[in-house]
Amino acid sequence: MTAVPPAQGAADGAPVRLRGALDALPVYTPGRPATVREGLTAYKISSNENPFPPLPSVLEAVRGAAGGVNRYPDLAVAELTEALAAHLGVPAQRIATGPGSVGVLDQLVRATCDDGDEVVFAWRSFEAYPILTTLAGARPVMVPLAPGARHDLAAMADAVTERTRLVLVCTPNNPTGTTVGAAELEAFLDRVPPEVLVVLDEAYLEFVDAPDAPDAMAQHRARPNVVVLRTFSKAYGLAGLRVGYAVAHEPVARALRACALPFGVNSLAQVAAVASLEAADELAVRVKEIVAERERVVAALREQGWEIPDQQANFVWFDLGEETPDFAQACDAEGLTVRPYGLDGVRATVAEPEANDRLLEVAGRFRRARHG
């Protein structure tokens, strides 16, 4: 991540006044579009997008609502809020929505942090965490991952101080794909002071099949300081419409709604999200196909000799260290755009079978060339 350059001076030479926090602000790096290579179908597997389009019933609902986009959306997002409350078995007052889970996370940071406060999270984890924290004037406290590319929850608990306002637990973790266990999460939550909010970021929840994965909603019901964060972007295939939500106890949820950008969830996004909840059985079939592809890809990579951690999302993590740029370049040469992370590793989305097959071919050649 690179820092934002200093503001340019005005025409008369006087500097424009911008916030000092911008000098140290990391920049979010989106996945690049696929590079077109002659004779190859190009695949973008850098953004964890669902390879399937929205379900037919969802598309039909969006088409039916498109004629009304000359009107402002419902400020309260009432229909989706009620649908989520029924779906999750919680009071509607505990639901807060926003433009993707990252939008709701921004509301969470702004609702909890003043200048000089701290936000604790694992690193590497979701790139937006240090960005949103810095924008709020708070200090990111980045706790290194444990062996196996997993959260070190004990170290994260140790990192909590009197200035900590928020702790972010991304499970499955983006970009490493690992989950936290139910027992270790329980022990961790017991150590976090009750006045510190803990956010369980479950953007990839639907792809999880680990037997020891935690029940985030049960933790939320039992603990007033636990917030569950989810999205319709990944499994539901609505990344382009931007709709996510948090489940929080009422004082927190009320604060999130107060911090929300007015009309942040557009009318088509609300219609699509409600229709997606109504098509849960169809969605489950698609998720099962993606999980099966993930398992096929992981098994093949391990057979090639790669040490792949237990993957619980819709992507695969390559712990490559200094070989990260070379592997990303090798993929690009074959029409695959993956997501490199500095000198840490590469994340590749589980996509169409043809894209996954090509990833296996490139990975196999790279592994043989570098490691015999």
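## The largest cavity

The lining of the largest cavity takes at least three residues from each of domain 1 (27-53 + 280-371) and domain 2 (68-278). These bounds come from an automatic or database domain assignment. The model is predicted: local features need pLDDT of at least 70, side-chain atom pairs count only at pLDDT 80 or more, and totals for chains, interfaces and linings use all residues. Residues are numbered from 1 along each chain as its sequence is written, and side-chain values use heavy atoms, without hydrogens and water.

A cavity is a set of points on a 1 Å grid, over the protein atoms alone, where a 1.4 Å probe fits but cannot get out; lining residues have an atom within 4 Å of a point. The largest cavity has a volume of about 50 Å³. Its lining includes Phe 52, Tyr 236 and Arg 286.

The whole structure holds 2 cavities of 30 Å³ or more.

## Helix α6

Helix α6 (residues 182-191; helices are DSSP runs of H or I, at least four residues) has these buried residues: Leu 185, Phe 188 and Leu 189. Buried means under 20% relative accessible area, exposed over 50%, with a 1.4 Å probe and protein chains only. Seen down the axis of α6, the buried residues fall within an arc of 95 degrees (taken from the directions from the helix axis to the C-beta atoms), so they line one face of the helix. On the other side of α6, Ala 183 and Asp 190 are exposed.

Note on methods
On a 1 Å grid over the protein atoms alone, a cavity is a set of points where a 1.4 Å probe fits but cannot get out, and a pocket is an open set with protein on both sides within 12 Å along at least five of seven lines; lining residues have an atom within 4 Å of a point. Grid points are joined across faces, edges and corners, and a volume is the space filled by probe spheres set on the points. Helices (H or I, at least four residues) and strands (E, at least two) are DSSP runs, numbered from the N terminus.
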